[in-house]
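Thanks for asking me to look this one over. Here are my notes, as numbered points you can read beside the structure.

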Amino acid sequence: MPRKVLGADTPGAYRQVHERRFTNVCEPWFNNGVARPRSTTDEQLIRAASAALAELGPRRLALAEIARRAGVVPATLVQRFGSKHGLHVAMSRASADEVRTTMRDAAKDAGDPVEAVRAAATSPYRALDNPDTAAHNLAALGTDLQDPELRQLLGEVYGRVSTELRRLVGAAVDAGELPGAPAPEVAGSVLAALVNGSALHWSMRPEGSLVHRLLADVDAVLDGWRRPPG
């Protein structure tokens, strides 16, 4: 037999009695310390938030929308992360953790040491190869720079990008592929600054593909480093 739904068409007295019964049954369950199983992981919530941020931008990003996408209630986000700011911090930490893996996976699939540098340098930006997404990311960057904790985490992301590029350029130099490159620590910083600056410029004037733009700029530098000094 279908259950009776307590809605606007339910007689008032019937609804009040059954609502009281429902409350009396459920309140002890919520207050007796029994925890609900976590069917949705923090990682899934962060991914839902990142997808919403890319689509909506920081100004339109709301906990209710993130919760809807993740299939949870907004209170779940508050319970897990404390606040909207806490969720932003968790997203930034996840980015810092993921960027190294993203770059290493891209380099691993490359055919030679120089191609590994090209692939790794552009891999963190492939998801931004859309004018609206890039604009929302740029807006989020402005928000992060105003918050000390988020700015520090942003610095960790860029620092890891530089570190990975330094390692890959060093491998290409050791293989004899980039004899004209500067010291690896300098080369890594140069390439990181190049792709970050080019991505920002493209975000403001999105002409063609972001990835193609980044590859062209990286190749302009790597072509010079392929030639021996002097």
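1. Which helices each supply at least two residues of the lining of the largest pocket? They are helix 2 (42–56), helix 5 (84–108), helix 7 (131–145), helix 8 (148–174) and helix 9 (184–204). Helices here are DSSP runs of H or I with at least four residues, numbered from the N terminus.

2. Before going further, please keep in mind that this is a predicted model, where local features need pLDDT of at least 70, side-chain atom pairs count only at pLDDT 80 or more, and totals for chains, interfaces and linings use all residues. Residues are numbered from 1 along each chain as its sequence is written, and side-chain values use heavy atoms, with hydrogens and water left out.

3. The largest pocket holds about 1,200 Å³ of space. Its lining has 42 residues, and the closest to the pocket centre are Ser 50, Ser 95, Pro 124, Leu 128 and Asn 137. A pocket is an open set of points on a 1 Å grid where a 1.4 Å probe fits, with protein on both sides within 12 Å along at least five of seven lines; lining residues have an atom within 4 Å of a point. The volume is the space filled by probe spheres set on those points, which are joined across faces, edges and corners.

4. Helix 7 gives the most to this lining, with nine residues.
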